[in-house]
Amino acid sequence: MAHAAVHDDHHADHDHHAAPQGFLARWVYATNHKDIGTLYLVFALLMFFVGGSMAMVIRAELFQPGMQLVQPEFFNEMTTMHALIMIFGAVMPAFVGLGNWMIPLQVGAPDMALPRMNNLSFWILPFAFTLLLSTLFMPGAGPQGGWTLYPPLSMQGGHSTAFVIFAIHLMGISSIMGAINIIATILNMRAPGLDLLKMPIFVWSWLITAFLLIAVMPVLAGAVTMLLTDKYFGTSFFNAAGGGDPVMFQHIFWFFGHPEVYIMILPAFGIVSEIIPTFARKPLFGYQAMIYAIASIAFLSFIVWAHHMFTVGMPLGGELYFMYATMLIAVPTGVKVFNWVTTMWEGSMTFETPMLFALAFVILFTIGGFSGLMLAIVPADFQYHDTYFVVAHFHYVLVTGAVFAIMAGAYYWLPKWCGNMYSERWGKIHFWSSVISVNVLFFPQHFLGLAGMPRRIPDYNVAFADFNMISSIGGFWFGASQLIFVGVIIHAVYYSKQRATQQVWEGARGLEWTVPSPAPHHTFSTPPVIDDSKLAHGDVTH
Amino acid sequence: MSEGLAEKKRGVRELAKVAGGVVLASFLFGFAMVPLYRIACEHVLGIKLAGDVVAADKVAAMAVDESRTVTVEFVASVNSKLPWAFAPEVSRVEVHPGKLTEAWFDATNTSHGAIVGNAVPSVAPSTASLYFNKTECFCFTEQKLDAGESRRMPVRFVVDPQLPASVKVLTLSYTFYANETATSRLGALAPAAPSLASH
């Protein structure tokens with residue numbers, strides 16, 4: 001497959017420079033990295049709203065104690081599907097979309113290395129998510145055992161398990177192909193003279209993320225395959241009755257799962273590291289240290305997985321090891337946070353919407369990192385485990401972390417994509433509305449968790465009523481705020497009269513700002529001549 | 001230029017091959033974690049996973065340590081899919097390490113059909129499991145109980161005298177699971193027996 005794609009990729013588009021006309025030719029047969037990037041981003045936004053509506057159902061049910069709106073089974077379906085859709089349908093495709101759009105532009109390549117595989121890896125996704133969402137309408141209902149699919153619970157549902165497993169296989173194949181494509185593009189397609197240590201930091205973060213993807217997505221595929229054979233073919237990998245061990249699933253799953261959480265945050269680090277220097281009008285402080293920090297985090301992600309399962313009954317030595325190894329991750333992460341702050345130090349800063357989202361990222365992601373450190377402490381984790389404290393923690397790192405970075409990136413590069421400036425006024429309204437509501441939504445969940453409210457339960461003790469109501473109000477507010485985001489994008493693409501300049505932002509550096517806005521359908525058909533002084537990181541000594 | 005392009009394509013092809021290899025290797029690694037998990041538990045962390053029989057001569061060679069007693073507690077539970085009653089006859093015994101001890105468990109099939117069950121043993125604390133030797137156990141074999149049938153089942157064990165002094169109490173727990181494959185085979189032989197699904 002890869003071979004076929006390599007053979008005749010470029011010929012097709014070389015002779016005509018306009019985009020092909022017609023929906024089928026332009027989008028379904030898309031091999032252009034910009035078109036595929038757009039497809040990924042639109043798909044991710046759609047899934048963000050699908051997963052978001054599920055979160056609205058969850059928060060509506062939790063608005064008051066007692067069972068109000070939905071059945072417990074449906075509530076469990078919502079928590080399970082919300083996670084699967086947000087992780088595999090919204091955050092990951094959004095990063096792949098940004099990578100598709102920006103990596104070739106940032107390394108001076110005419111396109112991705114394997115354009116047809118690129119098409120395939122996108123078009124698998126709608127099928128995967130149709131398969132996944134169809135389980136909601138099946139007799140015996142959809143998956144209810146949580147996105148982690150722990151056996152034996154995940155095996156006790158109906159045949160929707162099989163659909164979920166195949167959907168995960170498809171998503172995995174899509175991610176793996178996307179990752180191979182990105183590695184091949186970065187390592188082989190860079191313009192002559194653009195050395196690895198002159199690449200933009202977003203490209204670096206994606207290169208490392210892509211390595212994580214090809215190393216761990218197949219492990220997830222193996223784990224769910226074992227679930228499948230346990231359920232349908234009489235094997236006993238995780239079936240205690242047949243001599244298997246359900247705890248082993250947790251080990252295999254989290255060997256995938258922990259690198260997975262960094263797959264969802266490393267590209268966010270990259271985006272923020274692009275935006276802060278632009279609006280601080282200073283080069284990124286500690287460029288190489290940032291790269292080494294990303295690489296160290298990626299390495300550490302492979303050796304800390306059991307901190308997700310401290311309460312399964314591990315030997316003391318194991319718990320101590322995983323505790324200290326986990327805490328070690330704070331060191332490279334601290335390097336990154338301090339470097340962002342130092343980049344801003346004495347910079348001449350302006351606060352356009354992308355910068356606001358990037359600053360919110362730095363502050364709120366750090367809060368999520370701190371609660372992560374609290375969870376890493378074994379004796380404390382026994383209290384926090386499976387409570388809303390965990391929910392608050394991972395929503396701080398994934399919503400105000402990953403999602404805010406994606407939005408920052410969208411605002412930052414949107415003028416380059418569509419050629420028009422978005423409405424700064426409405427962008428700022430979107431930002432302030434989001435950043436306030438998201439804290440109203442998730443901050444009280446820390447208190448709920450510390451007070452002992454368990455996660456994934458549709459009802460709760462009346463003692464938790466007030467904070468849940470506050471959290472739900474924040475949830476509806478945050479959900480509604482995202483409609484502003486859609487409005488800003490539609491306005492910018494179709495109605496905005498304000499044309500973007502080539503450089504778009506005064507402090508922007510790098511190859512993507514040397515092409516016109518909007519970026520033409522084909523760019524860098526002849527490799528650009530690299531002028532180190534024009535690159536963001538041309539001077540490797542900084 | 002076209003030469004450069006051809007070289008790039010060759011590079012991409014090579015890289016795609018290597019990356020495909022990495023993908024395949026990590027898929028296989030997922031499955032390799034099954035034996036690795038066992039090896040790590042038994043040889044690194046000192047947790048015995050398998051409830052295998054221990055040879056009688058190995059146990060006979062152990063000297064009885066009269067100076068010390070260890071409390072062995074028994075716990076019996078039944079998986080929700082198996083309509084059986086299952087309990088130990090005594091809930092705890094005091095034993096000298098090295099001494100062969102016998103304990104009895106009772107199981108009753110409270111359903112209206114024959115069912116095959118398997119008991120899965122577990123020893124807590126897990127790090128003491130290496131020192132708990134079973135010379136005979138009903139958990140080694142399938143147990144078939146007809147409707148309403150009861151059975152007294154023995155387990156004979158020896159606590160290794162090398163058991164760390166810090167361990168004063170050991171818990172031996174059994175969970176009985178329905179062996180659906182063996183039960184359905186039973187149904188094939190005797191069509192009158194109701195299937196497990198009816199419970």
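**View 1. B:E149 is an exposed residue, with 12 other C-beta atoms within 10 Å.** This is a predicted model. B:E149 sits in a loop of chain B. That loop runs between β7 (143-145) and β8 (150-159).

**View 2. B:E149 and B:G113 are shown as a pair within chain B.** Along the chain, 36 residues separate them.

**View 3. Chain A meets chain B through 32 residues of chain A and 29 residues of chain B.** On the chain A side, four helices each supply at least two residues: α1 (2-7), α7 (160-188), α8 (201-232) and α9 (246-263). Of the elements on this side, α8(A) gives the most, with eight residues. By residue class, the side of chain A that touches chain B holds 24 nonpolar residues. Another seven are polar, and one is charged.

**View 4. Chain B is assigned two domains, domain 1 (1-46) and domain 2 (48-187).** The C-alpha centres of domain 1 and domain 2 of chain B lie 43 Å apart. Contact between them involves four residues of domain 1 and four residues of domain 2. On the domain 1 side of this contact, two residues are charged, one is polar and one is nonpolar.

Notes:
Residues numbered from 1 in each chain as written. Chains lettered and ligands numbered in written order. Predicted model: local features only at pLDDT ≥ 70, side-chain atom pairs only at ≥ 80, totals over all residues. Contact = placed C-beta atoms within 7 Å. Nonpolar A, V, L, I, M, F, W, Y, C, P; charged D, E, K, R; others polar. Buried ≥ 20, exposed ≤ 12 C-beta atoms within 10 Å, placed from the backbone. Domains from an automatic or database assignment.
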